[in-house]
Amino acid sequence: MCSAPYNNRKLPSHVLKRILAYVFWEAPRSHAEGCGLSNHASRHFGTIGTLPVGHISILGALHSCRYWRKRAARLFYGTAVISVGHRTQTILEEYEQPTDLCRRRISTNIALVMGSGYAPKTERLLVYVNAPVSAEQMTEALAAFSQWEWPAIDSLYYYDLQKLASNAGGQWAHDQAIGLLNRQLAASLPALRHIRALSAMRDSFGLFVLDDLVLAKHSQLLTLEVQSTTDILALLAPDIHGLALTLNTMTIRAAHNADILRIPATVAEGLEKLDIDPIAPDTVWAPFATGTLGDFLRLRLLRLGFVSRLSTVAKHHQRQSSATSADSVHSNAYPLFPELCELVVSRYPYDIGLFLENFPRGQIRHLSLERCPWVVDDSFSLQPFTALRSASFELTTTHPGRPSDDDAVSQWVAQMLQESAPLLNALSITIPASLDSYETELPAGSRLRSLQHLTLDIGLRLDDLEELLLSLPCLVTLRVVAAEVHTKAHEYLSRRARPQKYPVDRKRRRAILSDKLVLLCVRLSAQLAGGRRRRRALAKTAWLAARIPSVLSILTQPELVGSLRECVLRAAATKGAPQNTGHLAGVAVGPVF
C-alpha cells in the first residue's frame, strides 16, 4: 500500500478505515516471515491479541492524498515502535529502500512520531527484540523513547525470539539488558494498563522477561497476557501472590509449573477472562487454589488447555469409577463460576461430560471443545446447556486411550444435529485436516431449526445437503466438506431398476432449498480432487445454488474457483430448468483459505 490514486478518495470513510486497520493489525501473511516470526509463533497471535506489525505497510497512505493521510495517521502515529537488535535502520531508511523484505519488517518509528506532534496521543507501544543484546545496545535502542514520558500509552505489545545465552558472560549481559528494559518502560509509561507478551526470553533465574515491569505496575494493570513461542521454554508467570492486582484479563501459556499458576484470591475476585494452558488433568483445579478454593464472582470467559499424558489416559476407566477423581463433581473441591457464559476446553483426556458438570451449564452461551478425545461419547449432550447460543467441536478420532471408531463419529454428528437446543444459532464441527477423506452420513434433516451459521468440516455426501437445508429454514451461512457425490451409474440401469435404486421425488427436486442462505462454502475432499467426480461435484454444487434464490456468494478451493464459476454460469444460462436460475448470474464465486 505505497500509493493511493486520487479517485480512491471517494471510498467511504468507514470502509477505508477498516482496510487500513486490517493491514495494520492483521498484515499480509508474508509479514510473519519478513519479521522473522516462526510459523509456530505466528499461530498464536490470536491468543494474545494481534500484534500491530503492519505499520510499514500503511506508511504509503501517509504520502497519498489528504483523505487517506488523515485516516492512516491515527494508526501509524498512535503506535510507537522500538526495534532492538542487529538491524539499526530507521523506518525512513527502510522506506527509501523499496524492497518487499524491508517493507515487511518491523522498524523503529520514534523519530517520526515525535516529529509529527502526535506523541502525547500515542496509545500503544510495540517492542520487538530481534537479536541478543547487551545493556549498551538496549540503552541505545531505547534512548529516543525513554527520555520522554508518554502519558497516553496504555498498551504494551512485546515480542522476542531470543533464548537465554548458554555461557555465563552472555547470561550476565542478558540479565543487564532485561533489567534496563524493565526500568526504562516503568519510568516512561505512567498510564500502562495492558501488557501482551509473546516471548521466548527469560532471565537466568527463569523469570518472565517483563516480571519487574509487572511488579512495578501491579496496582494499575487490567490485562496480563503472557505466552511462550517455543514448546521447550519453561516460561514462569510473575510472582503476583500477595499483591493487590486489579486484573480483569489474564492469559498464561507454556507455564509448566502448577504452583506458579495458582491464582490469588485478590485476583480471582476481579477476573473476567482467564486463559491457562497447559495444566495437568490430574490437578485440574490446582491453578485455582488460593489456600481454599474461592468463587470467581465476575469470571465470564474461561479457557483451559490440558497436557495429555499417556500414563494418566491409560487409567481412564479406573478414574471414571472413582468418586474423588479430579473431574468429579462429588469431591466438592472445585471453584464456582456464577457468571460464566463462555467456556473453552482443549485436550481434556478424560470424561468430558462428567467434567462439564463442574460448571453452570444452564447459563453458558458459548461452548468450545477442542480435541477432547472422549467428546464422541454417549455421556455428552447439549441438553443441559439450555442457554447455548454457539457451539464448536474440533474432533479427534485417534487417541492413546481411545480406539478410532469412524461409525461412532457419524452417530455422534447425527446426534448433535438432532439435539434439542432452541436458542443455538451457530454450530461448528470439524475434524483434523489429515482426515480430509473421512465420510460422514447425515441424518434426514435436523431439529436445530434456529441455526443461522453451520460448519460441517467432516466430509459428507452432497446429496445429503438437500434434506439438511430444507430442515434449517433460518440458515444464513453453510460451510461443508464434500467427500462423496453420486456417480452416473444410474444412467446404465434399466428404467425399471433406476427409480428403485435411485429414487427421485420430482416435486421435492423443484422445491426451493432456502430463501435466507447467503453464503455457501463447499470444499472438496481428496476423494473428489480430480477427474469426472470433481466435475460432477462442482456441477452438483452449482445446481444446489440454483435452488437457493438468496445465495450471494459461493466459495471453494482456490484452484477450483474457475471450474466452479463455469458450472454456475452454465446453470444460469440453462433454459427449461426445473427452477428459475437467473439469480446465479449475479452470484460471486471466490476462494476459501
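Which helix gives the most to the positive patch? In this predicted model, the answer is helix α6, which spans residues 66–77 and supplies three residues. The patch lies on the surface, where K17, R66, R69 and K70 gather their positive charge. K17 has its place in helix α1, residues 13–25. With a relative accessibility of 47%, K17 counts as partly exposed, because that class covers values between 20% and 50%.

Strand β16, made of residues 553–556, is covered on both faces. S553 and L555 are buried on one side, and I554 and T556 are buried on the other. Strand β16 also has pairing partners. Strand β15 (residues 519–524) pairs with β16 in the parallel sense over three bridges, and S553 in β16 is the bridge partner of L519. Strand β17 (residues 588–591) pairs with β16 in the parallel sense too, over four bridges; here L555 has G590 of β17 as its bridge partner.

The backbone holds some details worth a look as well. Most residues other than glycine have a negative phi. R347, however, has a positive phi, near 65 degrees. This arginine is found in the loop that runs between β9 (342–346) and α16 (352–355), and R347 is partly exposed at 21% relative accessible area. R371 likewise has a positive phi, near 55 degrees. The loop between β10 (366–370) and β11 (390–394) is where R371 is found. With a relative accessible area of 33%, R371 is partly exposed.

Methods:
Residues are numbered from 1 along each chain as its sequence is written. This is a predicted model: local features need pLDDT of at least 70, side-chain atom pairs count only at pLDDT 80 or more; totals for chains, interfaces and linings use all residues. Side-chain values use heavy atoms; hydrogens and water are left out. Patches are made of residues with over 30% relative accessible area and no salt bridge: like charges are joined within 9 Å, nonpolar side chains (Val, Leu, Ile, Met, Phe, Trp, Tyr) within 5 Å. Accessible areas come from the Shrake-Rupley method with a 1.4 Å probe; for residues, only the protein chains shown count as cover. A salt bridge is a side-chain nitrogen of Lys or Arg within 4 Å of a carboxyl oxygen of Asp or Glu. Lys and Arg count as positive and Asp and Glu as negative; His and the chain ends are not counted. The place of a charge is taken as NZ of Lys, CZ of Arg, CG of Asp or CD of Glu. Helices (H or I, at least four residues) and strands (E, at least two) are DSSP runs, numbered from the N terminus. Buried means under 20% relative accessible area, exposed over 50%, partly exposed in between (1.4 Å probe, protein chains only). Two strands pair if DSSP finds at least two bridges between them.
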